[in-house]
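Please look through the sequence and the model below before reading on.

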Amino acid sequence: MAQVTARTRLEPAAAPLWPGAERRGDQVAIRCVFMRGGTSRGAFLRAGDLPSDPDLRERLILAIYGSPDIRQIDGLGGADPLTSKVGIVGPSSRPDADVDFIFGQVRIDEPHVDFSGNCGNLSAAIGPFALDEGLVPIGHEPSVTVRIHLVNTGGLLRAEVPVIDGVAASAGPTEVPGVPGSGAPITLDFGEGADTLGRGILPTGHPSEVLQTVAVGRIEASLVDASNPAVFVRPEPFGLLGTELPAAFTPAILDALEEVRAAAAVRLGLAADPAEAAERTPAVPKIYLVSAPVDYTSTTGRTVRAAEIDVVGRGLSMREPHQAYAGTVALATAVAAAIPGTVVHAVARPSAGRRFRIGHPAGIMGASVEVELGTGQPRLRRAAIERTARRIMAGTVYVPLARLAS
């Protein structure tokens, strides 16, 4: 049987492969905007420019990033989980939102894009992208509220975006540790509907429970779902103090943390067993270590004082040490700190209604939450973080046709 080539599989050659795509010789071209959101970075694509077939869409995104390849040398990826993320934005499919947003975590060395979770950092760029692309009218300065439907989890996010001269502002006084300089403040409020699994803030009904693992045996953990499902544990079972920087996380420690994360995924019903958790849901739940406030030195060389923070946090992103702190997990951390009985509550300094401050590898991150406690499930009234974002590049991205062949 003759081999089927990319050209014959993707005929007709003279016509677009799908609306929004254009064939250029042996490549396909689509519109692309490259943006930073918080401490993450990625390509932002219009939903209407992508193929409707989910398998073809995934192959397209993998080709844009140059995955699978540990260097992602033939694409836009930066060979790091924080720079291997994609945002797909389009008109809203529900009346209470302005745009739909699909977040994808693009695996670096595997041919897969995980669409199961959210990203609080990259979410900061959705509002500016929607405004600059004309998907949402600018209206009156100095700011515009963009209502965002988080398609992955069904939630609704409100982003208050500063604007200037008819576009989203980028300059401002807000500093985000892990990002050089400062930028315009973008407030992200995930609101009351922040639980993504539809089972409340405490999806198992318990503030803490014991997970069984081979690496560390029985370990106390708190499973919290606020903006993203997360599992919180203490650092001591892993031989850590909690103030370690990313370089201190050895392969053995990372494997042990992944085993706990997989056990939490099984407990949440996201996977049947740990092997399936690693394959099907590598980004959800997130796993984070929390410990009491102490002085430590950040990756920038700055001394973070115990008096400046309410908890010390360290986490993973796709089995790699997070260089800063996930925005969605910052909210989950602050929520957990407000609930008696959680691992976070046990080690955190009470915030007494003010902004909850987390000491992470690159510095300090804050989150504002309002949690209503009662006899049943705690209820989340407010969940907000402040981030910055910036449009870096707008143009056309090219993908080899051969990468799109099934």
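How many bridges join strand E13 to E14, and do the two run parallel or antiparallel? Strand E13 (residues 229-233) is joined to E14 by 4 bridges, and the two run parallel; strands here are DSSP runs of at least two residues, helices are H or I runs of at least four, and both are numbered from the N terminus, while two strands pair if DSSP finds at least two bridges between them. This is a predicted model, in which local features need pLDDT of at least 70 and side-chain atom pairs count only at pLDDT 80 or more, whereas totals for chains, interfaces and linings use all residues. Residues are numbered from 1 along each chain as its sequence is written, and side-chain values use heavy atoms, with hydrogens and water left out.

Of the 6 residues of E14 (residues 286-291), 6 are buried, that is, under 20% relative accessible area with a 1.4 Å probe and protein chains only, against over 50% for exposed and in between for partly exposed. Both faces are covered, with Lys286, Tyr288 and Val290 buried on one side and Ile287, Leu289 and Ser291 on the other. Arg314 in turn lies over the face of Tyr296, at 4.6 Å from the ring centre; the rule asks for NZ of Lys or CZ of Arg within 6 Å of the ring centre and within 35 degrees of the ring normal.

Turning to ring pairs, the count comes to 3 aromatic pairs, taking rings of Phe, Tyr and Trp (its six-membered ring) with centres within 6.5 Å, and calling planes under 30 degrees apart stacked, over 60 edge-to-face and the rest tilted. The ring centres of Phe44 and Phe101 are 6.5 Å apart and the planes at 15 degrees, so this pair is stacked. Because Phe44 lies in strand E3 (residues 40-46) and Phe101 in strand E5, the pair ties together parts that are 57 residues apart in sequence. With centres 5.5 Å apart and planes at 40 degrees, Phe44 and Phe129 form a tilted pair. Phe129 belongs to helix H3 (residues 126-132), so this contact with Phe44 in strand E3 ties together parts 85 residues apart in sequence.
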